[in-house]
Amino acid sequence: MPKGSCNCGEYQHEYEGEPVATYKKTSGKVFNWTRKGDSGKDVTYNNCGTCGTIMTVSAEAMPDMVIFKAGTLDDQDAIESSKPGAQIYNKNKPSWCDGLAYAVQKDGAS
C-alpha cells in the first residue's frame, strides 16, 4: 500500500486501489478549508495542521473521488506507476507548457 506524507512528516497517509479505492490518514493533525469550485459546489482541501501541505482534495461535484496529491507520495515505485490519465485546467497553463501527450486534455475540471 503506497504511503505518503507532508513536508514536515507529521501528516501521513496511504491508499490502495487503482484508481484510489481506499484512502486513510494514519497520523497527524488536519485542517480543512472550503471554496466554491467552477460548478458552484464546494471543494474541500485537507491540509497538514502543522506545515499546511495540501494532502487531498474532495469536490462535491465529484462525490466518489478523492484527489490524492501526487507530490505527497513517498513511495518512488508508486510515483512511477501513477501516470496521470487527465490534465485539467489547461486554460490556466502558461503557453510554453505542453500538455501530456498520453493524457486527456481539459480546459476545466469536467
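So, in which sense do β4 and β5 pair, and over how many bridges? They go antiparallel, over seven bridges; strands here are DSSP runs of E, at least two residues, numbered from the N terminus, and two of them pair if DSSP finds at least two bridges between them.

Quick housekeeping. This is a predicted model, where local features need pLDDT of at least 70, side-chain atom pairs count only at pLDDT 80 or more, and totals for chains, interfaces and linings use all residues. Numbering runs from 1 along each chain as its sequence is written, and side-chain values use heavy atoms, with hydrogens and water left out.

Back to the hairpin. Five residues sit between β4 and β5, and G40 takes a positive phi near 90°. R35 stands opposite V43 in β5.

Now the aromatics. Searching the whole structure turns up one aromatic pair (ring centres within 6.5 Å, the six-membered ring for Trp). That's W33 with Y45, stacked, at 4.2 Å centre to centre and 10° between the planes; stacked means planes under 30 degrees apart, with over 60 being edge-to-face and the rest tilted. W33 is in β4 (residues 30-36) and Y45 in β5, so the pair ties together parts 12 residues apart in sequence. Y45 counts as buried at 11% relative accessibility, while W33, at 37%, counts as partly exposed. The cut-offs are under 20% for buried and over 50% for exposed, partly exposed in between, with a 1.4 Å probe and protein chains only.

Note on methods: Helix = DSSP H or I, 4+ residues; strand = E, 2+ residues; numbered from the N terminus.
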